[in-house]
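Let's take a walk through a protein together, one piece at a time. Keep the sequence and the 3D view side by side as you read.

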Amino acid sequence: MTARTETETPLRTVKVPEPIAPLFQKAEAYVRRYFADRHEDPEHSSILISGERYVLVRAASMSVEFFDLVRSLYADKGAADATSVAKNLLYDLAHSLGKADARAFAAKMNVTDPIEKLSAGPIHFSFAGWAFVDIHPESRPTPDDDYCLVYDHPFSFEADAWIGHGRRADTPICVMNAGYSSGWCSESFGFPLVAAEVECQARGDKHCRFVMAPPGRIEEHLSRYLETHGTGERGHRASSSSASGWRRRCGRPTSSSSGAWPSARPSCRRPTRPSRPRSSSASWPRRSAARCR
Ligand SMILES: [Zn+2]
């Protein structure tokens, strides 16, 4: 019996389009080994995973119960404002966590290609208990202004917390899922990205579904999603990552795209972290790209 190589083992912790599956199989093997090296030492208040210290946080405390706390603190402002405050805090926190984790993992895996840097993200996400990630084929994560990712998060810890508490949200509430995933991808590709949840199981929708794009293009993608699906929500974080902020920092982005995965230069990279993109052998399927353009 012949042992399977890493890239022959079926993916179990993430779902991606077939052309890029080998990259994610490699990342899954790496992340599985990373989380297998786990040492718990409560007498010294320590949980070490591959030598990195982690902390466990009760999921509901970071979601439904955090919303309740903020609503009680902002009772005089009204439920809508309180919900907005809670969402923005959780989104920004998770976005920064995603960026930092992506930076650390890219260094550990010694990868520089944007897609390879991205690949460990969804798998780490699942091993860490946040959610499973299902990236749709219509996604076009090119390293430029045409970047667009459509993806589901089955088993989202945030939706589970609301459902487990017998609560029905009136708006998509998986904001940490949106923040973390967009933070990881921003770091991997080297330019700002924001994500919005357009459907949420905590609201009674069939999926927890997200759209991710540069800040200056997100409204356009959300409008198209609304037109196409007749549902959705403009629930993304605005403020510092807003379209106007994006244009101020980077100038008006260009709109060229190679249609391949990834090959073009991004229209705005942070100058302090010049990337060395090299062409990935994995081309993104084009047949359904129209829904993401
Ligand atoms: Zn959700």
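## Where two helices meet

P114, K117, L118, G121 and F125 in helix α4 meet Y180, S181, W184, C185, S188 and F189 in helix α6. Two residues are in contact here if their C-beta atoms, placed from the backbone, lie within 7 Å. By class, the residues of this contact of α4 with α6 divide into seven nonpolar, three polar and one charged. In that count, Ala, Val, Leu, Ile, Met, Phe, Trp, Tyr, Cys and Pro are nonpolar, Asp, Glu, Lys and Arg are charged, and the others, Gly among them, are polar.

Before going on, a word about what you are looking at. This is a predicted model, in which local features need pLDDT of at least 70 and side-chain atom pairs count only at pLDDT 80 or more, while totals for chains, interfaces and linings use all residues. Residues are numbered from 1 along each chain as its sequence is written.

The names of the elements follow a rule too: helices (H or I, at least four residues) and strands (E, at least two) are DSSP runs, numbered from the N terminus. The protein has eight helices and eight strands.

## How the helices cross

The table sets the two pairs side by side. Axes are lines fitted to C-alpha atoms, for helices over the stretch in contact, and angles run from 0 to 180 degrees between N-to-C directions.

| Helix pair | Angle | Axis distance |
|---|---|---|
| α1 (residues 21-36) and α4 (residues 114-127) | about 50 degrees | 8 Å |
| α4 and α6 | roughly 160 degrees | within 8 Å |

Handedness comes next: a crossing is left-handed if the near helix is turned anticlockwise from the far one by less than a right angle, and right-handed if clockwise. α4 passes α6 in a right-handed crossing, and the crossing of α1 and α4 is right-handed. On the α1 side, the contact is made by L23, F24, A27, E28, Y30, V31 and F35, and on the α4 side by I115, E116, S119, A120, I123, H124 and F127. This contact of α1 with α4 has 10 nonpolar, two polar and two charged residues.

## Buried and partly exposed

A residue is buried if 20 or more other C-beta atoms lie within 10 Å of its own, exposed if 12 or fewer, and partly exposed in between, with C-beta atoms placed from the backbone. Of the 293 residues in the protein, 42% are buried.

Which residues of helix α5 (residues 157-164) are buried? They are F157, E158, A159, A161 and W162. The buried residues of α5 pack against α2 (64-73) and α6 (175-189). Just after α5, G166 takes a positive phi of about 70 degrees.

Now find L93 in helix α3 (residues 79-109). L93 counts as partly exposed because it has 16 C-beta neighbours inside 10 Å. Along the chain, L93 and V175 are 82 residues apart, and their C-alpha atoms are separated by 9.9 Å.

Two strands pair if DSSP finds at least two bridges between them. Three strands form an open sheet in the order β2-β3-β4, with antiparallel pairing. β2 and β4 stand at the edges with a single partner strand each, so one side of each is left without a neighbour in the sheet. On average, neighbouring strands of this sheet are turned by 30 degrees against each other, direction ignored.

Strand β2 (residues 38-41) is joined to strand β3 (residues 46-49) by four bridges, and E40 stands opposite I47 in β3. The hairpin of β2 and β3 has four residues between the strands, and S45 in the turn has a positive phi of about 55 degrees.

β3 also pairs with strand β4 (residues 52-54), over three bridges. Here I47 stands opposite Y54, while I49 has E52 as its bridge partner. In this second hairpin, with two residues between the strands, S50 takes a positive phi near 50 degrees.
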